Amino acid sequence: MVQKKGAYTVITGASSGIGYETARAFAARGRNLVVAARRQDNLEALKKDILSNNPELDVVVRATDLSVMENVYQFYESLKEYPLDTWINNAGFGNYDSVAHQDLRKIESMLHLNVEALTILSSLFVRDYKDIEGTQLINISSCGGYTIVPTAVTYCAAKFYVSTFTEGLARELEEAGAKMRAKVLAPAATKTEFGKVANNVCECDYDRLFGTCHTSRQMAAFLLELYDSDQVVGAVDRETFEFRLCGPRFDYAGNSRHNQKAVKSQAES
Ligand code: NAP
């Protein structure tokens, strides 16, 4: 396959909502793209839209279900021939229900996608690209990844994972002197297909359910602000809906004397 000039930005969950608008925003900056999700038609429509404005760009479409781990590894492998510089783990969904009543098949799939796929793709990207200047990993968490929201406990717990994993990785990369930066975006209510999927409904009236919310386009602009900054976290305040950039928010036991001492490998001992 012929590659166009310039590195590629990978965006999972680009067939709708925040991922779709983020792909358009990166394309407007002249970036080649890899866009992934299950709905191929939506991804092809996105590609057509981008190429009509930016015919010089390359948009690689990967239709895949990332809640299946075998697909996750295959997806990463399929990108070996492309030089990457930015990876955005955005694919994800939520669920509103009590823990006692929640649909466990849906929860399994949510954890596979929101937690496992994100961890595997982050790890593979870090392994291959951490020492390359200008590389960034951005994981999409949520306000619910810093605050527990009623009727969304399991979703929030999964997003707490995304926030802590990514903040910890950001520390690890910095301490190792790596060139890659890892960052967390934490949106509050954003008008996308999220509400339909999380509530198992065909239509979701965001104005009635949430009152205040951002559009996907606003969220993509916030993501670019985070991308351009030196900060680790870009989060919407759930009460004021203001977007703020800041350093890591979780406690970190970086210098604790109780940390495990470095373990010697078998070859060293
Ligand atoms: P969305 O419009 O529903 O987009 C979700 C994206 O994830 C879609 O492209 C969807 O594509 C993809 N996806 C879902 N299941 C998938 C699977 N099994 N394999 C591959 N891709 C899959 O919702 P969104 O709001 O833009 O969500 C983007 C991210 O923002 C999510 O991580 C979400 O948790 C987070 N977030 C959203 C809000 C909000 O209020 N909207 C708030 C906080 C955080 P396919 O269906 O085509 O696969």
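Student: How many salt bridges does the count come to?

Tutor: The count comes to 12 salt bridges in this predicted model, each a side-chain nitrogen of Lys or Arg within 4 Å of a carboxyl oxygen of Asp or Glu. Local features need pLDDT of at least 70, side-chain atom pairs count only at pLDDT 80 or more, and totals for chains, interfaces and linings use all residues. Numbering runs from 1 along each chain as its sequence is written, and side-chain values use heavy atoms, with hydrogens and water left out.

Student: Which side chain meets Glu21 in a salt bridge?

Tutor: Arg217 does, at 3.4 Å, N to O. Glu21 lies in helix 1 and Arg217 in helix 8 (residues 216-228), so the pair ties together parts that are 196 residues apart in sequence. Helices here are DSSP runs of H or I, at least four residues, numbered from the N terminus.

Student: Switching to the ligand. Which residues come nearest?

Tutor: Ser15, Arg38, Arg39, Tyr155 and Thr192, out of 30 residues around the ligand. Near means a heavy atom within 4 Å.

Student: And which helices each supply at least two shell residues?

Tutor: Helix 1 (17-28) and helix 5 (153-175).

Student: How do the shell residues divide?

Tutor: 13 nonpolar, 12 polar and 5 charged. Asp, Glu, Lys and Arg count as charged, and Gly is among the polar ones.

Student: What is 2.7 Å from a ligand oxygen?

Tutor: An N or O atom in the Arg38 side chain. The Thr192 side chain also has an N or O atom 2.7 Å from a ligand oxygen. A polar backbone atom of Glu193 is 3.1 Å from a ligand oxygen. The cut-off for such polar contacts is N or O pairs within 3.5 Å.

Notes: A polar contact is a pair of N or O atoms within 3.5 Å; within protein, one must be able to donate a hydrogen and the other to accept it, and residues adjacent in sequence count only if both atoms are side-chain atoms.
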